[in-house]
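Morning, everyone. Have a look at the model on the screen, and I'll walk you through its contacts, rings, charges and strands.

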Amino acid sequence: GLVTARAAGVVEGAFVVGFDPGSDGTLSVRGAGSQVNVAGNLVVGDEGEGTVRVFDGGYLENQGLGLIGAFGGGSEGKVTVTGTASVWKSVDDLVVGSGGKGILRVLDGGTVQSAYGAFIGGIGPAADGTATVSGTNSLWSVEDFMSIGGEGAGGTLNSLDGGRVTTKIADIGSYPDDTGTVKVDGPGSVFEQTEKKLIVGFDGD
């Protein structure tokens, strides 16, 4: 299924993209003035495959959790936010690869705002989270804390080619059986902890 938003719209309650095994769903939020507000959780890949694209100045906001690749081995979620003034705001925690495979890409001046915390990687053998912030003026800002690492394939954060990732506090592979990786590469690329606190491998890898 495909949903394309080119105006303002409100979803009451949770919104699931890619629900049930074998399903394949896509949400596109395209163009200045295009806006989708989700009153509950936004789930991208809930045992199925889900894709969300925010581009050309589109705006997406969820009041609940943002989950990419939510549950089990069949879950695969991909979110891409690309282009200047394109924004995804998650008011609650944003989780990439919480139980399945999750991919977040912030490209070419796009912005992701996590108004609370962020997790890359999750729980269970199928958990696999990767987040890439690439290109000048591309930004993922996390208001509170960021945790990178989980069971399964773990969690990976890439800040590349001028991309910026900012958070108050970050931990990498800090829980038992966790694997976390961070790569910062290219001129102007940043992974910043505003409270100057970075925890690496406390109980994990």
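Start at Val112. Leaving aside neighbours within four places in sequence, Val112 is in contact with Val81, Trp88, Leu94, Leu104, Val106, Leu139, Trp140 and Ser141. Contact here means heavy atoms within 4.5 Å. Val112 sits in strand 14, residues 111-114. Strands are DSSP runs of E with at least two residues, helices are runs of H or I with at least four, and numbering goes from the N terminus. Is Val112 buried or exposed? Val112 counts as buried, because its relative accessibility is 0%. The cut-offs: buried is under 20% relative accessible area, exposed is over 50%, and partly exposed is in between, with a 1.4 Å probe and protein chains only. One distance as well: the C-alpha atoms of Val112 and Ser86 are 8.5 Å apart, and these residues are separated by 26 positions along the chain.

A word on provenance. This is a predicted model, so local features need pLDDT of at least 70 and side-chain atom pairs count only at pLDDT 80 or more, while totals for chains, interfaces and linings use all residues. Residues are numbered from 1 along each chain as its sequence is written, and side-chain values use heavy atoms, with hydrogens and water left out.

Now the core. In soluble globular proteins, nonpolar side chains tend to be buried together. The largest nonpolar core in this model has 33 residues. By nonpolar core I mean a set of buried Ala, Val, Leu, Ile, Met, Phe, Trp, Tyr and Cys residues joined through side-chain atoms within 4.5 Å. Which residues have the most contacts inside the core? They are Trp88, Leu104, Trp140, Met146 and Leu157. The largest share of this core comes from strand 20, residues 164-172, with three residues. Take Met146. Beyond its neighbours within four places in sequence, Met146 is in contact with Ala118, Trp140, Leu157, Val165, Thr167, Ile169, Ala170, Asp171 and Phe191.

Next, rings. How many aromatic pairs does a search of the whole structure find? Two. Rings of Phe, Tyr and Trp (its six-membered ring) pair if their centres lie within 6.5 Å; planes under 30 degrees apart are stacked, over 60 edge-to-face, and the rest tilted. Tyr116 and Phe145 have ring centres 5.8 Å apart and planes at 80°, so this pair is edge-to-face. The pair links distant parts of the chain, 29 residues apart: Tyr116 is in the loop between strand 14 and strand 15 (118-120), and Phe145 is in strand 18 (residues 145-148). Tyr116 is partly exposed at 40% relative accessible area. Phe145 is partly exposed too, at 23%.

Phe119 and Phe145 make another pair, with centres 5.4 Å apart and planes at 80°, so it is edge-to-face. Phe119 lies in strand 15 and Phe145 in strand 18, so the pair ties together parts 26 residues apart in sequence. Phe119 counts as partly exposed, at 26% relative accessibility. Ring pairs therefore link Tyr116, Phe119 and Phe145 into a cluster.

On to charges. The search finds three salt bridges. The criterion is a side-chain nitrogen of Lys or Arg within 4 Å of a carboxyl oxygen of Asp or Glu. Arg30 and Asp56 meet at 3.5 Å, N to O. They are 26 residues apart, with Arg30 in strand 4 (residues 24-30) and Asp56 in the loop between strand 7 (49-55) and strand 8 (59-62). Arg30 is partly exposed at 37%, and Asp56 is partly exposed at 47%.

Glu76 and Lys78 meet at 3.7 Å, N to O. Glu76 is partly exposed at 23%, and Lys78 is partly exposed at 37%.

Arg164 forms a salt bridge with Glu192, with the closest N and O atoms 3.5 Å apart. Arg164 is in strand 20 and Glu192 in strand 22 (residues 190-200), 28 residues apart. Arg164 is partly exposed at 35%. Glu192 is partly exposed at 28%.

Last, strand 16. Why is strand 16 described as largely enclosed by the rest of the structure? Because five of its seven residues, 128-134, are buried. Strand 16 pairs with strand 13 (residues 101-107) in the parallel sense over seven bridges. Two strands pair if DSSP finds at least two bridges between them. Leu107 has Ser134 of strand 16 as its bridge partner. Strand 16 also pairs with strand 19 (residues 154-160), in the parallel sense, over seven bridges. There, Thr132 stands opposite Asn158 of strand 19.
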